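Visitor: Please show me the model. I have some questions about how the chain is built.

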Amino acid sequence: MSDIEASMQEAVSKFAADVIGPKVRDMDEAETMDPAVVEQLFEQGLMGIEIPEEYGGAGMNFTAAIVAIEELARVDPSVSVMVDVHNTLVNTAVLNYASKELKEKFLPKLATGTVGSFCLSEPVSGSDAFALATKATKTSSGYTISGSKMWITNSMEADFFIVFANLDPSKGYKGITAFVVEKGTKGFSVAKKEKKLGIRASSTCVLNFDDVEIPAGNLLGEEGKGYKYAISLLNEGRIGIAAQMTGLALGAFENAARRSEERRVGK
C-alpha cells in the first residue's frame with residue numbers, strides 16, 4: 001500500500017468511527033440513510049475518489065477507492081455499498097464512456113453532491129442480466145425508455161441514474177444501450193422499497209419508466225455497446241463488493257473480540 005493509500009485508510013477509518021459509527025444502529029433500524037451522513041461523505045471527498053480534480057474530485061486511483069470502501073464497511077456496510085456503487089460503477093461509467101458534454105455537466109455534481117445509481121437488473125433478468133425487457137426507442141429529439149428495474153441500490157438517494165435498455169431487441173444483447181436519466185424526469189418513478197434482512201440503511205428499490213423522454217445527449221457511450229460497458233463496470237464493482245465483505249468480516253471480528261474481552265474482565 002502506498003503512502004497515499006495508507007493515508008486514505010487512516011482518514012476514512014477515523015471518519016467512519018467518529019461520524020458514522022454513532023448513527024449505524026439508528027439508520028439500520030429506520031432502514032434509512034441519514035442525509036447528514038451522505039452530505040459528509042461528499043465533504044470528505046469519498047464520493048469522487050477517482051474523479052479528476054478539474055471536476056471537483058479527489059483525483060486518486062481505484063486502489064484508494066477500494067481501501068475507502070473496506071474501511072467504511074468495517075463500521076457500516078450500508079454506507080459502504082452506497083460509496084462503492086457510486087464510485088466503482090457510476091463514476092467509472094461516466095469517466096470511461098460519457099461524452100465530453102456529459103462529463104462536464106455531471107462529474108462536478110457526482111463529486112460534490114449528487115448520488116448516482118446503476119440500473120441494470122430486472123424482474124425477468126436476475127440470473128441473466130442481459131435478457132433485458134426494458135426498451136428504448138429512438139425519437140426525433142432523443143430517446144424514450146419504457147420498462148422497470150428491480151433491486152436498484154441508491155435509488156432513494158440518487159438524482160442521477162445510469163439505465164440500461166434494449167434499443168434493438170432483434171439484436172439480442174447487442175442492442176443493449178446505456179442512458180443517463182435524471183430524477184424528476186416525467187414518467188420516471190421510484191416505486192417499492194425492498195425490506196431486507198441486512199444492510200438495511202442502503203435503499204434497494206423498484207424503478208418504473210413510463211415512456212421517459214430523454215435528450216439525444218443523454219446517450220452514454222455508443223448505441224449497442226451497453227452490454228460491453230456493463231461487463232467491464234461490474235468487473236470493477238465486484239472488487240468493491242469483495243472489499244465490502246472483507247471490511248464487514250473485519251468489523252464483525254473486531255467487535256466480537258472487543259465484547260469477549262469486556263465479558264472476560266466483567267464489564
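This is a predicted model: local features need pLDDT of at least 70, side-chain atom pairs count only at pLDDT 80 or more; totals for chains, interfaces and linings use all residues.

Visitor: What radius of gyration does the protein have, and why does it agree with a compact globule?

Guide: The radius is taken over C-alpha atoms, and the globule rule is 2.2 Å times the number of residues to the power 0.38. With 267 residues, a compact globule would come near 18 Å. The protein agrees with that value, at 19 Å.

Visitor: How many helices and strands make up the secondary structure?

Guide: Both are DSSP runs numbered from the N terminus: helices are H or I with at least four residues, strands are E with at least two. The protein comes to seven helices and eight strands.

Visitor: How many residues of H5 are buried?

Guide: Buried means under 20% relative accessible area, exposed over 50%, partly exposed in between, with a 1.4 Å probe and protein chains only. Across the protein, 46% of the 267 residues count as buried. H5 is mostly covered; of its 21 residues, the buried ones number 19.

Visitor: Where does H5 bend?

Guide: H5 covers residues 77-97 and reaches 28 Å from first C-alpha to last, close to the expected 30 Å. That expected span is 1.5 Å times one less than the number of residues. A bend is the angle between axes fitted to the seven residues ending at a residue and the seven starting there. In H5 the bend is about 30 degrees, at Asn-91.

Visitor: Which residue caps the N-terminal end of H5?

Guide: The backbone nitrogen of Ser-78 lies 2.9 Å from a side-chain oxygen. That oxygen belongs to the capping residue, Asp-76.

Visitor: Which residue in S3 is the bridge partner of Lys-135?

Guide: Two strands pair if DSSP finds at least two bridges between them. Here four bridges join S2 (residues 135-138) to S3 (residues 142-153), and the strands run antiparallel. A hairpin of three residues connects S2 to S3. The partner of Lys-135 is Ser-146.

Visitor: How many disulfides does a search of the whole structure find?

Guide: A disulfide is a pair of cysteine sulfur atoms within 2.5 Å. The sulfur of Cys-119 is 10 Å from the closest cysteine sulfur, in Cys-205, too far for a bond. Cys-119 is buried at 0% relative accessible area, and Cys-205 is buried at 0%. The disulfide count is zero.

Conventions
Residues are numbered from 1 along each chain as its sequence is written. Side-chain values use heavy atoms; hydrogens and water are left out. A polar contact is a pair of N or O atoms within 3.5 Å; within protein, one must be able to donate a hydrogen and the other to accept it, and residues adjacent in sequence count only if both atoms are side-chain atoms.
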